Amino acid sequence: MARRRRHRPPRHPTTGFKTYLLIFLMCGVAAVVLDFLFGVPDKAREFAQETVNSAVRSAVRAEVEAAAKTAQSSSASAAAK
């Protein structure tokens with residue numbers, strides 16, 4: 001006579017270490033990518049603002065120097081008369 005085997009309910013497969021490691025690494029990569037994407041516009045804006053500010057400063061400095069030279073030459077010509 002053949003022995004009858006009892007039917008076992010299917011066991012749920014346990015999640016392995018590799019799966020948790022893969023999820024952890026994917027979350028880390030996503031965090032780095034999001035940080036890069038959200039950080040770059042701020043840095044670009046700061047760089048553009050610094051560039052504009054330095055251009056304005058040099059334009060103002062050149063204008064002041066030109067005005068000072070004009071004032072010196074006009075005062076020198078007035079003193080010569």
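## Starting with Val29

At 53% relative accessibility, Val29 counts as exposed, where exposed means over 50% relative accessible area, buried under 20% and partly exposed in between (1.4 Å probe, protein chains only). You'll find Val29 in helix α1, residues 17-80; helices here are DSSP runs of H or I with at least four residues, strands are E runs of at least two, and both are numbered from the N terminus.

## What you're looking at

This is a predicted model, where local features need pLDDT of at least 70 and side-chain atom pairs count only at pLDDT 80 or more, while totals for chains, interfaces and linings use all residues. Residues are numbered from 1 along each chain as its sequence is written, and side-chain values use heavy atoms, with hydrogens and water left out.

## The chain as a whole

The protein chain has 1 helix and 0 strands. Of its 81 residues, 0% count as buried. The chain exposes about 8,400 Å², with carbon and sulfur atoms supplying 64% of that; areas come from the Shrake-Rupley method with a 1.4 Å probe, and for residues only the protein chains shown count as cover.

## One salt bridge

The whole structure holds 1 salt bridge, meaning a side-chain nitrogen of Lys or Arg within 4 Å of a carboxyl oxygen of Asp or Glu. Asp42 pairs with Arg45, their closest N and O atoms being 3.2 Å apart. Both sit in helix α1, 3 residues apart, or about one turn of the helix. Asp42 is partly exposed at 36% relative accessible area, and Arg45 is exposed at 54%.
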